[in-house]
Amino acid sequence: MSDGSLSLPARLCLLAWDTMGTEVSGAARIPQLVRAGALTELAQRGLLTDEDGIATPVDLDSDTGDPVLDGLLELVRESRPHRWRTWVTLRARFTLDAVREQLTAGGYLRAEKRRVLGVFPTVEYVLERGVVVEALRARARDVLLGPVPVSEVSERDAAVVALAAAAEPRTLLPGRDRDVPEERVEALAGRCGAAVPVLRTVVREVRTAMAAASVAD
């Protein structure tokens, strides 16, 4: 998996990382954000479509070749029908865990086994390629704040930034300047081709999930 071929969920996972520290920003919110990225990419690829608000597989055979996306697609196929808002949160850690394993295999993260209280085994992930994250962040800031015209932004970049802005990751905007330009985000969402209706729905649900996570923090 090269830097240029990173999936939407992988990019969103890396963008949330604090390159000055050892943790992700807003960790409680990341599972929903990563899941939203996976849903959006499946819609962009034409493998999930919207039917009266229901996330619906287009067929039972197609796949992407990406284990994270295909794992979610299989889960949607095997489950009873759900609305997009349900899929943003339902078993979202399943997708996050798969993304982190994929990023570890690609050398972006390093997995360290530890024990909580000296008894319970757990795995902590450490960022290995901070330069890649900084490059992704610089690109995302240019897309969100300019000077890149919206008409020149790719569908993939537009989706990443629209979702990241919805989640308001603290590491996306520089310093204390975290006022999200809503008109720009809406325009970016409109750049996402066939996935536009799905992305707009998912962005709303991400914001709802983020608000709930903030209350729970």
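1. A quick term before anything else: a residue is buried when its relative accessible area is under 20%, exposed when over 50%, and partly exposed in between, using a 1.4 Å probe and protein chains only. Helices (H or I, at least four residues) and strands (E, at least two) are DSSP runs, numbered from the N terminus.

2. Some housekeeping. This is a predicted model, where local features need pLDDT of at least 70 and side-chain atom pairs count only at pLDDT 80 or more, while totals for chains, interfaces and linings use all residues. Residues are numbered from 1 along each chain as its sequence is written, and side-chain values use heavy atoms, with hydrogens and water left out.

3. Now the overall picture. The protein has 9 helices and 4 strands, and from the N terminus the order is α-α-β-β-α-α-α-β-β-α-α-α-α. Of its 217 residues, 47% are buried. The accessible surface is about 10800 Å², with 50% of it belonging to carbon and sulfur atoms; such areas come from the Shrake-Rupley method with a 1.4 Å probe, and for residues only the protein chains shown count as cover.

4. On contacts, meaning heavy atoms within 4.5 Å: take those between residues at least 6 apart in sequence, and 67% of them join residues at least 24 apart.

5. Have a look at helix α7, residues 155–167. Because 11 of its 13 residues are buried, α7 is largely enclosed by the rest of the structure. Among the buried ones are D157, V160, V161 and L163. The length checks out too: expected span is 1.5 Å times one less than the number of residues, so α7 should span 18 Å, and its end C-alpha atoms sit 19 Å apart, which agrees.

6. A164 has a relative accessible area of 2%, so it counts as buried. Between A164 and L144 there are 9.7 Å in space, C-alpha to C-alpha, and the two are 20 residues apart in sequence.

7. Over in helix α5 (residues 92–105) you'll find T95. Its relative accessibility is 1%, so T95 is buried. Setting aside residues up to four places away in sequence, T95 touches V34, R35, A38, V68 and L72.

8. Another threonine worth a click is T56, in strand β2 (residues 54–57). T56 is buried because its relative accessibility is 16%. Its side chain reaches the backbone oxygen of I54 at 3.1 Å. Beyond neighbours within four places in sequence, T56 is in contact with L47, L48, T49 and E51.

Key: Polar contact = N/O pair within 3.5 Å; in protein donor to acceptor, adjacent residues only side chain to side chain.
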